[in-house]
Amino acid sequence: MLYSAGPVAKAVVFILFIFSIVSWTIILYKWNQYRKAEKEGEKFIKTAKNADSFKKLIATYRENPDNIFYRLMLASYKELTSIQKDNPGIRPEVVQHVENALKITLSEETERLERRLSFLATTANAAPFIGLFGTVWGIMDSFREIGLRGTTSLSVVAPGISEALIATAIGLATAIPAVLAYNYFIGRLKRISSKMENASMYILNLLEK
């Protein structure tokens, strides 16, 4: 059916196909990224709960630059060692500096986790309209065909309308997974952010011990 469609309908379907491929790639990537982050968060909080001091947490936690919670710990450790270089000891202003460093790192990590989600939102909003455009164009083509042939028989009208409606169907098939995935990932992102905030509090509590 698409093989016999006009160039505009083919272009619309091609655009929707690209949107769909990119959306599914992002969905799979984000699902894996968020699953890993949640698992790492649970592990970090468990380790932090069992640690007696910040030094023990640093000593027991394995180096892993890809781990969000490791990066939180590393940021706090760098800030702490930088301040304590000239004046060792844990003072209130030292804790405040580390807290600020944690807030900055948390904000950067949240921003990194949010990346590419906007494409899913764009797909959810734009794909139905792109499909609708293809349908409207196809119906216009059908009416032009009726005018050229001088007949409104079903055999003349039906193929054109059928081709036109495919664009809307593909648009919806592209948009629905994108909107479902976007809402799902927003929920998971909130849970990961909450875990990062809890991890920051654990680090600060260990510093003050």
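The legends below describe close-up views of one predicted protein model.

Residues are numbered from 1 along each chain as its sequence is written. In this predicted model, local features need pLDDT of at least 70 and side-chain atom pairs count only at pLDDT 80 or more, while totals for chains, interfaces and linings use all residues, and side-chain values use heavy atoms, with hydrogens and water left out.

**View 1. Confidence along the protein chain.** The chain has an average pLDDT of 87, where pLDDT is the predictor's confidence in each residue, from 0 to 100. A score of at least 70 is reached by 93% of the residues. Helices (H or I, at least four residues) are DSSP runs numbered from the N terminus. Where pLDDT is low, the predicted coordinates should not be read in detail.

**View 2. The second largest pocket.** A pocket is an open set of points on a 1 Å grid over the protein atoms alone, where a 1.4 Å probe fits, with protein on both sides within 12 Å along at least five of seven lines. This pocket holds about 240 Å³ of space; a volume is the space filled by probe spheres set on the points, which are joined across faces, edges and corners. Its lining has 11 residues, a lining residue being one with an atom within 4 Å of a point. Nearest the centre are Glu40, Lys43, Tyr61, Asn64 and Asn67. Helix α1 gives the largest share of the lining, 5 residues. By type, the lining has 6 charged, 4 polar and 1 nonpolar. Here Asp, Glu, Lys and Arg count as charged, Ala, Val, Leu, Ile, Met, Phe, Trp, Tyr, Cys and Pro as nonpolar, and the others, Gly among them, as polar.

**View 3. Helix α3 and its N-terminal end.** Asn67 caps the N-terminal end, with a side-chain oxygen 2.8 Å from the backbone nitrogen of Phe69. Buried residues of α3 include Ile68, Phe69 and Tyr70 (buried is under 20% relative accessible area, exposed over 50%, partly exposed in between, with a 1.4 Å probe and protein chains only).

**View 4. Two loop residues.** Asp66 sits in the loop between α2 and α3 and counts as exposed because its relative accessible area is 55%. Arg116 sits in the loop between α4 (92-114) and α5 (117-149). Arg116 is partly exposed, at 45% relative accessibility. Its phi is positive, about 75°, although Arg116 is not a glycine. Most residues other than glycine have a negative phi.

**View 5. Tyr34 in helix α1.** Tyr34 belongs to helix α1 and is buried, with a relative accessible area of 0%. The C-alpha atoms of Tyr34 and Ile192 are 7.7 Å apart, although 158 residues separate them along the chain.

Note on methods. A polar contact is a pair of N or O atoms within 3.5 Å; within protein, one must be able to donate a hydrogen and the other to accept it, and residues adjacent in sequence count only if both atoms are side-chain atoms.
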